[in-house]
Amino acid sequence: MYPRYSLDPKRRQAAIENADILFRDANSDDYSWFNCFVGVTGEHAVYTYFDKQNYGIRQGGKKQHDLELQAAYNKIIRIEVKTICRTVRCEPSFEVNLWTRQVKTQHPDVYVFCSAYFTPTKDSAHCQEVEIVGWESRKNVIECGKLLPVGAKFGSGKEVHRESYSILVSELRPITDLAQMVTA
């Protein structure tokens, strides 16, 4: 249903090494090593998706976004990749979420949302693949995302611990639309 990126042993080792660096440099209580690993796998998936199609993609600058796409007429599209860990395949009825603090401090043009599929346990050895479930502009996240206060419940029933924007996967634009936008 969604473009998938398999994590073979070579890619898994690269993700582990990148997560080590990211975790060491993050110096933050907000992120665990595992969160860094999950995030890196999403970035690898999006990078690979656009690289295989020979789009001009590169690592982002100044870490205010993860990746940059070179669009027509020398326009740069700044991408922030958000990846969630799941133990089931992503469905259109699932949600993607962004902390409001992230939306206020990060200034990408678009957010690309990924779902890292882990089975049966959540550790780096059991990450099977990453699905690129869709994207949305930063502006539309703010205007159309459902703002959930602390204490509210996500659609999954889990409690919101940090004020967040929530968007149904079915409401996201397919990644193919972003690819078409690059060549337009």
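The model is predicted, so I kept to its limits: local features need pLDDT of at least 70, side-chain atom pairs count only at pLDDT 80 or more, and totals for chains, interfaces and linings use all residues. Residues are numbered from 1 along each chain as its sequence is written, and side-chain values use heavy atoms, with hydrogens and water left out.

**Entry 1: the helix pair.** I noted H1 as residues 9-26 and H2 as residues 33-52; their axes come within 8 Å and cross at roughly 125°. Helices here are DSSP runs of H or I with at least four residues, strands are runs of E with at least two, and both are numbered from the N terminus. Axes are lines fitted to C-alpha atoms, for helices over the stretch in contact, and angles run from 0 to 180 degrees between N-to-C directions. H1 and H2 are therefore oblique to each other (under 35 degrees is roughly parallel, over 145 roughly antiparallel, 65 to 115 roughly perpendicular, the rest oblique).

I then listed the contact (heavy atoms within 4.5 Å). From H1 it includes Arg11, Asp20 and Phe23, and from H2 it includes Trp33, His44 and Lys52. By class I have ten nonpolar, four polar and four charged residues in the contact of H1 with H2. Nonpolar covers Ala, Val, Leu, Ile, Met, Phe, Trp, Tyr, Cys and Pro; charged covers Asp, Glu, Lys and Arg; the others, Gly among them, are polar.

**Entry 2: the six-stranded sheet.** I read the order as S1-S7-S6-S4-S3-S2, an open sheet with mixed pairing (two strands pair if DSSP finds at least two bridges between them). S1 (4-6) and S2 (56-59) are the edge strands, each pairing on one side only. Three bridges join S1 to S7 (residues 127-137), and these two run antiparallel.

**Entry 3: the three-stranded sheet.** I found an open sheet in the order S5-S9-S8 with antiparallel pairing. S5 (95-99) and S8 (146-148) are at the edges with a single partner strand each, so one side of each lacks a neighbour in the sheet. S8 is joined to S9 (residues 164-168) by three bridges, and I noted serine 164 as the partner of leucine 148.
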